[in-house]
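Here is a short briefing on one protein model. Look over the sequence and the structure first, then read on.

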Amino acid sequence: MRFDSKSAPALAGLLTAALIALSGCGSDSGSSSEPETTPTLDVVEQGFDSLDELSDYVAQSLDGVEVSLESETNPDFNQEAEPERLHVHFASTEDKVKDLEATAFIVQATSRAGFDYDILVVTGVVSVGEWAYLYDRSTVEELTADGQIAVADIWDSAEQSFDTIHR
């Protein structure tokens with residue numbers, strides 16, 4: 001049997017696929033290399049009339065929580081020309097599954113905010129920087145309309161994202 005240089009990559013690919021199948025790594029046995037997320041989270045029943053109430057609630061489950069409105073922290077904020085952004089920062093674990101769940105947790109909590117905001121900015125702070133997802137208030141309401149929020153799709157539902165950590 002003779003191989004030329006053009007068939008070597010194809011043969012190598014076939015051998016690799018065969019080895020993976022034989023080792024069980026390629027089997028569809030239901031196990032995955034990534035842990036699965038919680039399928040849904042229930043939307044909290046209580047409402048939050050202030051930033052402090054929302055911050056206290058989120059801080060019960062997440063570390064390093066900071067909640068603020070753009071109008072209160074940015075001296076250059078132009079209320080007539082800019083949307084009011086609700087910022088929720090927390091200490092990210094850099095674990096995709098945990099950060100997905102944390103984002104969904106924050107989105108479901110802010111759906112019950114009794115104060116005005118136009119855009120929710122969820123930011124995970126990590127050792128090398130931060131990542132963020134932006135949600136229009138109407139998107140937050142749509143995601144939580146049935147009293148639950150789907151965790152796995154939360155990042156794909158964002159209007160904008162700035163994430164080089166997980167993607």
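**Briefing**

Asp-118 sits in the loop that runs between helix H4 (96-110) and strand S4 (119-126). Helices (H or I, at least four residues) and strands (E, at least two) are DSSP runs, numbered from the N terminus. The model is predicted: local features need pLDDT of at least 70, side-chain atom pairs count only at pLDDT 80 or more, and totals for chains, interfaces and linings use all residues. Residues are numbered from 1 along each chain as its sequence is written, and side-chain values use heavy atoms, with hydrogens and water left out.

**Overall build**

- The protein has five helices and seven strands.
- Along the sequence, the pattern reads α-β-α-β-α-β-α-β-β-α-β-β.
- The protein has 167 residues, and 37% of them count as buried. Buried means under 20% relative accessible area, exposed over 50%, and partly exposed in between (1.4 Å probe, protein chains only).

**Charge on the surface**

- Asp-118 is partly exposed, at 38% relative accessibility.
- A surface patch of negative charge brings together Asp-116, Asp-118, Asp-136, Glu-142 and Glu-159.
- Patch residues have over 30% relative accessible area and no salt bridge; like charges are joined within 9 Å. Areas come from the Shrake-Rupley method with a 1.4 Å probe.
- A salt bridge is a side-chain nitrogen of Lys or Arg within 4 Å of a carboxyl oxygen of Asp or Glu.
- Asp and Glu count as negative. The charge is placed at CG of Asp or CD of Glu.

**Aromatic pairs**

- There are six aromatic pairs in the structure. Rings of Phe, Tyr and Trp (its six-membered ring) pair if their centres lie within 6.5 Å; planes under 30 degrees apart count as stacked, over 60 as edge-to-face and the rest as tilted.
- Trp-131 and Tyr-133 form an edge-to-face pair, because their planes stand at 65 degrees, with ring centres 5.8 Å apart.
- Trp-131 is buried, at 0% relative accessibility. Tyr-133 is also buried, at 0%.
- Trp-131 and Trp-155 pair edge-to-face too, with centres 5.6 Å apart and planes at 65 degrees.
- This pair links distant parts of the chain, 24 residues apart: Trp-131 is in strand S5 (residues 129-136), and Trp-155 is in the loop between strand S6 (148-150) and strand S7 (160-162).
- Trp-155 is buried, at 5% relative accessible area.
- Ring pairs join Phe-90, Trp-131, Tyr-133 and Trp-155 into a cluster.

- Thr-164 lies in the segment after S7. Thr-164 is exposed, at 68% relative accessibility.
- Thr-164 and Trp-131 are 33 residues apart in sequence, and their C-alpha atoms are 6.9 Å apart in space.

Definitions and conventions
Patch = residues over 30% accessible without salt bridge, like charges linked within 9 Å, V, L, I, M, F, W, Y side chains within 5 Å.
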